[in-house]
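Subject: Structure for your review

Dear colleague,

Please find the structure below, followed by an account of what was found in it.

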Amino acid sequence: MSTALLPSLRGLDWDDLSDVAAASALAFHDLTRDNWALLADLLTAVPVSPALAPMCEQYDFLDKLVLHQEDGYRLRVHRFRPGYFDRPHDHRWSFASMILTGAYRHVQYGTNEGFDTIDPAALRPRQIRVERAGDQYALHHTAVHSVTADAGTISLVLRGPAVKDGFRIIDAPSGGSFTAKGAEFETDAQRDAKRMPPEAITQVIADILAARPTNPTSGDRW
């Protein structure tokens, strides 16, 4: 895939969230128009890609497919399974997301200033909203948020380049926080443990394609 297919992302400054929001909106439109035509093509190419297939990951409640990686950004699809929730965290990179199907409760807590020493009991939501099919948002890498997803929710994620080695997670049950590192800092065993098996990749793609809107009209939010 060439950036010509997502021209709005060419040369994007991922630290400028206004530009990220505008450029990603155009990219999401390109990916999902005509009954997800471009997205479907990218999905079906993943299982036979020696570069992308090994990057796909499967967790207890979340499937992550990597559809494309290019200088400056990476395109992923997330499928949330029953019981998904995460803890307040920041990110190593700024990103934009679009909900394709389903919904999730999205809590934002502010920025990560002082995040490494904060008392989990002192962390307070600054915004709580429900992201539904068709909704889009962009988040700076310094933002702290958490998500609780409905089963079967599917989202697109466009992430920019990493600007730090790790991201911080608040763990309320333990009363503390910890840093998680990127894949380049993981051992082979750690990467293998979360790598999605080939048969699972094929099934997840089939499930995602089955969720495409039928008989789309000009009023659809895609």
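This is a predicted model, in which local features need pLDDT of at least 70 and side-chain atom pairs count only at pLDDT 80 or more, while totals for chains, interfaces and linings use all residues. Residues are numbered from 1 along each chain as its sequence is written, and side-chain values use heavy atoms, with hydrogens and water left out.

Overall form

The chain contains 3 helices and 11 strands; helices (H or I, at least four residues) and strands (E, at least two) are DSSP runs numbered from the N terminus. Their order along the sequence is α-β-β-β-β-β-β-β-β-β-β-β-α-α. The radius of gyration of the chain is 17 Å, which agrees with the value near 17 Å for a compact globule of 222 residues. That radius is taken over C-alpha atoms, and the globule rule is 2.2 Å times the number of residues to the power 0.38. The C-alpha trace spans about 50 × 40 × 35 Å along its principal axes.

Of the 222 residues, 46% count as buried. Here buried means under 20% relative accessible area, exposed means over 50%, and partly exposed lies in between (1.4 Å probe, protein chains only).

Salt bridges

Side chains of opposite charge can pair when their charged atoms come close. The search of the whole structure found 13 salt bridges, each defined as a side-chain nitrogen of Lys or Arg within 4 Å of a carboxyl oxygen of Asp or Glu.

One of them joins Glu-57 to Lys-194, with 3.5 Å between the closest N and O atoms. Glu-57 belongs to strand β1 (residues 57–58) and Lys-194 to helix α2 (residues 188–194), so this pair ties together parts that are 137 residues apart in sequence. Both Glu-57 and Lys-194 are buried.

Helix α2 also holds Asp-188 and Arg-191, which are 3 residues apart, about one turn of the helix. These two form a salt bridge whose closest N and O atoms are 2.5 Å apart. Asp-188 is exposed because its relative accessible area is 52%, whereas Arg-191, at 24%, is partly exposed.

A further salt bridge connects the side chains of Glu-131 and Arg-129, at 3.0 Å from N to O. Glu-131 has 1% relative accessibility and therefore counts as buried; Arg-129 has 35% and therefore counts as partly exposed.

The largest pocket

Rolling a probe the size of a water molecule over the atoms shows where empty space is left. The largest pocket has a volume of about 1,400 Å³. A pocket is an open set of points, on a 1 Å grid over the protein atoms alone, where a 1.4 Å probe fits, with protein on both sides within 12 Å along at least five of seven lines; lining residues have an atom within 4 Å of a point. Grid points are joined across faces, edges and corners, and the volume is the space filled by probe spheres set on the points.

Of the 45 lining residues, Glu-57, Tyr-59, Lys-64, Arg-76 and Phe-167 are the closest to the centre of the pocket. Elements that each supply at least two residues of the lining include β2 (62–70), β4 (95–101), β10 (166–171) and α2. Strand β3 gives the most, with 4 residues.

The lining divides into 22 nonpolar, 8 polar and 15 charged residues. Ala, Val, Leu, Ile, Met, Phe, Trp, Tyr, Cys and Pro count as nonpolar, Asp, Glu, Lys and Arg as charged, and the others, Gly among them, as polar.

Helix α1

Helix α1 (residues 17–45) includes Thr-32. A polar atom of the Thr-32 side chain lies 2.7 Å from the backbone oxygen of Phe-28, and Thr-32 counts as buried at 1% relative accessibility.

Asp-34 is also placed in helix α1, and its phi is near 55°, a positive value in a residue other than glycine. Trp-36, likewise found in helix α1, has a positive phi near 65°. Asp-34 counts as exposed at 62% relative accessibility, whereas Trp-36 is buried at 0%.

With kind regards

Technical notes:
Polar contact = N/O pair within 3.5 Å; in protein donor to acceptor, adjacent residues only side chain to side chain.
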